[in-house]
Amino acid sequence: MAKSALLKSSIAKKVAMALSGIFLMLFLAQHFFINMTSVFSSNTFNSISHFMGNNPLVQFVIQPILVVGVIFHFIMGFVLEIQNRNARPISYAKNNGAANSSWASRNMIYSGVVILAFLFLHSYDFWVPEMVYKYVEVNPLDETRYFHELVAKFESPVRTALYCLSFVLLSLHLQHGFSSSFQSIGQNNKYTKGLKNFGLGFAIVVPLGFVFIALFHHFNH
């Protein structure tokens, strides 16, 4: 009975982890779309950013849910990592990980830590100044400021390099996380191969798209 309860608990945690991961990937895709508009049209980027930054639904409902989702996902990641290590302390040491699994799957916890650190940096760069601008300094609305603020963040080669490195690690993190998320919620059927291929494409195109955006603004402004 105890083993059965432990197994059910482990499965529940993996499903929760998978669902939170899928939710964050949807947010990532939306965020990528908005940022990509900055490459083609500063006016379009300003318009979308202004709408997102001043929409009560986004600011006071979706944004808090996103913050909770990020915190929950990383906490569950650490919990599952500790649980997995405690469950096989001897066999794990003898296991030839490189022969049986990908680098991404063996190092999810480490890439996750780097990504979490990047999220804090990203919040410091964009979210904190936005809150100060609107709610501390109470500046008047300016629909044209967002593009210039974005470009200014990529003037520093060091900051741009860190940004790019974080998204390369995110790509590796997603390569394993996407397919395992669907497997955790039971999607292991005739569609599995297609989902894995889609996940691989997502894990390459979206993070490297962010890298392209950063380098584009760094070298062109």
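## Aromatic pairs and a nonpolar patch

Let's start in helix H10 (residues 192-220), where Phe 198 and Phe 202 sit 4 residues apart, about one turn of the helix. Keep in mind that this is a predicted model. With 52% relative accessibility, Phe 198 counts as exposed, whereas Phe 202, at 12%, counts as buried. Helix H10 also holds Phe 212 and Phe 216, again 4 residues apart, or about one turn. Phe 212 is partly exposed at 40% relative accessibility, and Phe 216 is partly exposed too, at 23%.

Searching the whole structure turns up 6 aromatic pairs. Here are two of them, both from H10:

| Pair | Centre to centre | Angle between planes | Class |
|---|---|---|---|
| Phe 198 and Phe 202 | 6.4 Å | 40° | tilted |
| Phe 212 and Phe 216 | 6.0 Å | 40° | tilted |

Ring pairs also tie Phe 32, Phe 154, Tyr 163, Phe 167 and Phe 210 together into a cluster. For a charge over a ring, look at Arg 145: it lies over the face of Tyr 133, 3.8 Å from the ring centre.

Now for the surface. Phe 23, Leu 57, Phe 60, Val 61, Ile 62, Ile 65, Tyr 135 and Val 136 make up a nonpolar patch there, with about 790 Å² of accessible area together. Two or more of its residues come from each of helix H3 (56-87) and helix H7 (108-136), and H3 gives the largest share, 5 residues. Phe 60 is found in H3. Why does Phe 60 count as exposed? Because its relative accessibility is 56%, and exposed means over 50%.

Technical notes. Residues numbered from 1 in each chain as written. Predicted model: local features only at pLDDT ≥ 70, side-chain atom pairs only at ≥ 80, totals over all residues. Heavy atoms only, no water. Patch = residues over 30% accessible without salt bridge, like charges linked within 9 Å, V, L, I, M, F, W, Y side chains within 5 Å. Areas by Shrake-Rupley, 256 points an atom, 1.4 Å probe, with all protein chains shown as cover. Salt bridge = Lys/Arg side-chain N within 4 Å of Asp/Glu carboxyl O. Buried < 20%, exposed > 50% of the residue type's maximum accessible area, 1.4 Å probe, protein only. Phe/Tyr/Trp six-rings, centres within 6.5 Å; stacked < 30°, edge-to-face > 60°. Lys NZ or Arg CZ within 6 Å of the ring centre and 35° of its normal.
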